[in-house]
2 protein chains.
Amino acid sequence: MTTPTSLPNAAAIREAHARIKNYIHRTPVLTSRTLNELTGASVYLKAENLQKIGAFKARGAHNAVFSLSGTEAARGVVTHSSGNHAAALALAASNRGIPAYIVMPSNAAKTKVASVRRLGAEITFCEPTLAARETTAAAVRQRTGAAFVHPYDDDRVIAGQGTAVLELLEDVPDLQAVVVPVGGGGLLSGTALYAKETRPGIRVYAAEPLMADDASRSFQARRLIPQTAPRTIADGLLTSMSARTFAVMRDHVDDVATVDEAAIVEAMRFVWEILKTIVEPSAAVAVAALLRRKLPVDGQRVGVILSGGNVDLDRLPWERPA
Amino acid sequence: MTTPTSLPNAAAIREAHARIKNYIHRTPVLTSRTLNELTGASVYLKAENLQKIGAFKARGAHNAVFSLSGTEAARGVVTHSSGNHAAALALAASNRGIPAYIVMPSNAAKTKVASVRRLGAEITFCEPTLAARETTAAAVRQRTGAAFVHPYDDDRVIAGQGTAVLELLEDVPDLQAVVVPVGGGGLLSGTALYAKETRPGIRVYAAEPLMADDASRSFQARRLIPQTAPRTIADGLLTSMSARTFAVMRDHVDDVATVDEAAIVEAMRFVWEILKTIVEPSAAVAVAALLRRKLPVDGQRVGVILSGGNVDLDRLPWERPA
């Protein structure tokens, strides 16, 4: 099977980068001798936790918003999200000077609601079910004519997410492998499409919580198996892949590693202590796959996309001593 | 009064940078729109929390160790420290392939002891008093012939610490002010000497905990007033300045701001949440001075040296909700 031809190629990802680069941070690449010793590889961490709104999602949202025609843009953008995509879309809309309508579940974290509101978006609350979110978003579209921007099942978003590995490969041109966490698959898709076209020999790996392993099971089965009842601390990786992102994974990704919850927490704390940078559990998943030696990268130069750093500092997943 | 002519000038600091640059990280400069809004300035944070061993101290220690002659170096280096300087000197000695002898108080944190030991240093424990530390270090010197490297009262160390602002001014050449935390005054001295010589109009400010305000009182009195009974969470800033670092402050620093403990914790949490980077309380002191508008930098481009990021994640200074 081949990948649908509509998918963004490296040229589209380069165009996306030119389109968004004035609105995003060029995030640094972090290294650590200790991390290299423990993983047996030379690891280059692309610090998207330091990105605007604290996650790579700023890239895809900006590319989607700045790809709209003037007429489309004037009516604004809409999405449903309780997480980083909501803040990313609100920021991108604010930067273009257009309205953002965000549908959030009534149980969304107060800090997330506050940050979306601070970015100037109009929030509509709904029941915390996918059906209610979709119905409510459709009603907002009906009322406003706003353009819907899906968090990952969207070529413009995928192209935007691919700009992270574009920058990483500019900074470290001779990477032999890249590891990214997979939830809905937007970051994985953009990464794989860009890396495989521009560096034919490179390996692209996904990392996923064992407790939310739809990507791994889908990859093994060669068919899309939706996520059911995920229970992981990596709250950015709870979503199912789409047909589009599954097809990219199937055709362009070399393997999917899974890690258990203890490995995720251990990797998260390791990154905080050794790298001094705050990553959320979802970002730690990729580091956990390396620390637990789940991937065949011994002695290689390996890039990792640290996807985000939005955590509640009052609820850290390690216990205080008595 | 004039500054003693032996003090490192900009040329010496450039030499130090050439000497150490292959052993240290070129740390990134972080920015945040939110921080700019809250401070009323354009703030550029030099992330020395991401430096080797998690603190700028790696710079001074490497410059001291790599300034030694071959004969001197062969006998090793010795210091007494329970903090970042111990790890910095151990790393620098390891990089030169020479012995490091570290005198640590018997009550030093286990994690700090472990990290110094992991770096290959020989540790000698002593009673937790300054007198015991100095006597023990003198005995180690006697036995080994190792060169003593003071954490801040040393021109080679001061020159090394000055390389942080050298890099910052390369990245942001038109800074109008720089703010650094002051403890013993090594970082402040290196920063002021380099910045004032190379950018005559720049303002250099120190920031200090109100609960350990020897620098502020000394600055006001124009004479060195030693620290007595400091009680601050900023454990890197407990030490007294020396005659040497006081003279630099008196002659080259524009003002010293003090901040209370609540402001330090608030700034630390702010940096963690907004910048996603782990700073220790001592580093947060400089940010607190800006957040609390203690310095006349309104509308200016201001550099801040985030001095370090070594914290115990099990003992964070904010409470969990019940």
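Across the interface of chain A and chain B, 14 residue pairs are in polar contact, both residues being at pLDDT 80 or more; a polar contact is a pair of N or O atoms within 3.5 Å, where within protein one must be able to donate a hydrogen and the other to accept it, and residues adjacent in sequence count only if both atoms are side-chain atoms. The model is predicted, with local features requiring pLDDT of at least 70 and side-chain atom pairs counted only at pLDDT 80 or more, while totals for chains, interfaces and linings use all residues. Residues are numbered from 1 along each chain as its sequence is written, chains are lettered from A in the order in which they are written, and side-chain values use heavy atoms, with hydrogens and water left out.

On the side of chain A that touches chain B, helix H5 (84–96) and helix H13 (261–275) of chain A each supply at least two residues; helices (H or I, at least four residues) and strands (E, at least two) are DSSP runs numbered from the N terminus. H13(A) gives the largest share of this side, four residues. By residue type, the side of chain A that touches chain B comprises 11 nonpolar, eight polar and nine charged residues, where Ala, Val, Leu, Ile, Met, Phe, Trp, Tyr, Cys and Pro count as nonpolar, Asp, Glu, Lys and Arg as charged, and the others, Gly among them, as polar. In total, 28 residues of chain A are in contact (heavy atoms within 4.5 Å) with 28 residues of chain B. The area buried between the two chains is about 2600 Å², with carbon and sulfur atoms giving 49%; buried area is the accessible area (1.4 Å probe) that two parts lose on being put together, summed over both. Two salt bridges are found across the interface, a salt bridge being a side-chain nitrogen of Lys or Arg within 4 Å of a carboxyl oxygen of Asp or Glu. Arg269(A) and Asp314(B) meet in a salt bridge with an N to O distance of 3.1 Å.

In the largest nonpolar core, which has 85 residues, Trp272(A) and Trp272(B) touch the most other members. Such a core is a set of buried Ala, Val, Leu, Ile, Met, Phe, Trp, Tyr and Cys residues joined through side-chain atoms within 4.5 Å; buried means under 20% relative accessible area, exposed over 50%, and partly exposed in between (1.4 Å probe, protein chains only). Leaving aside residues up to four places away in sequence, Trp272(B) touches residues including Trp272(A), Ile278(A) and Leu313(A), as well as Val311(B) and Trp318(B).

In helix H11 (residues 214–221) of chain B, the buried residues are Asp214(B), Ala215(B), Ser216(B), Ser218(B) and Phe219(B). These residues pack against strand E8 (203–209), helix H12 (243–252) and strand E9 (255–259) of chain B.

Over all chains, the structure holds 36 salt bridges. One of them joins Lys46(A) to Glu167(A), with the closest N and O atoms 2.7 Å apart. Lys46(A) lies in strand E2 (residues 42–47) and Glu167(A) in helix H9 (residues 163–171) of chain A, 121 residues apart, and both are buried. A further salt bridge pairs Arg244(A) with Asp155(A) (2.9 Å, N to O). Arg244(A) is in helix H12 (residues 243–252) and Asp155(A) in helix H8 (residues 155–161) of chain A, so this pair ties together parts 89 residues apart in sequence. Arg244(A) is partly exposed, at 27% relative accessibility.
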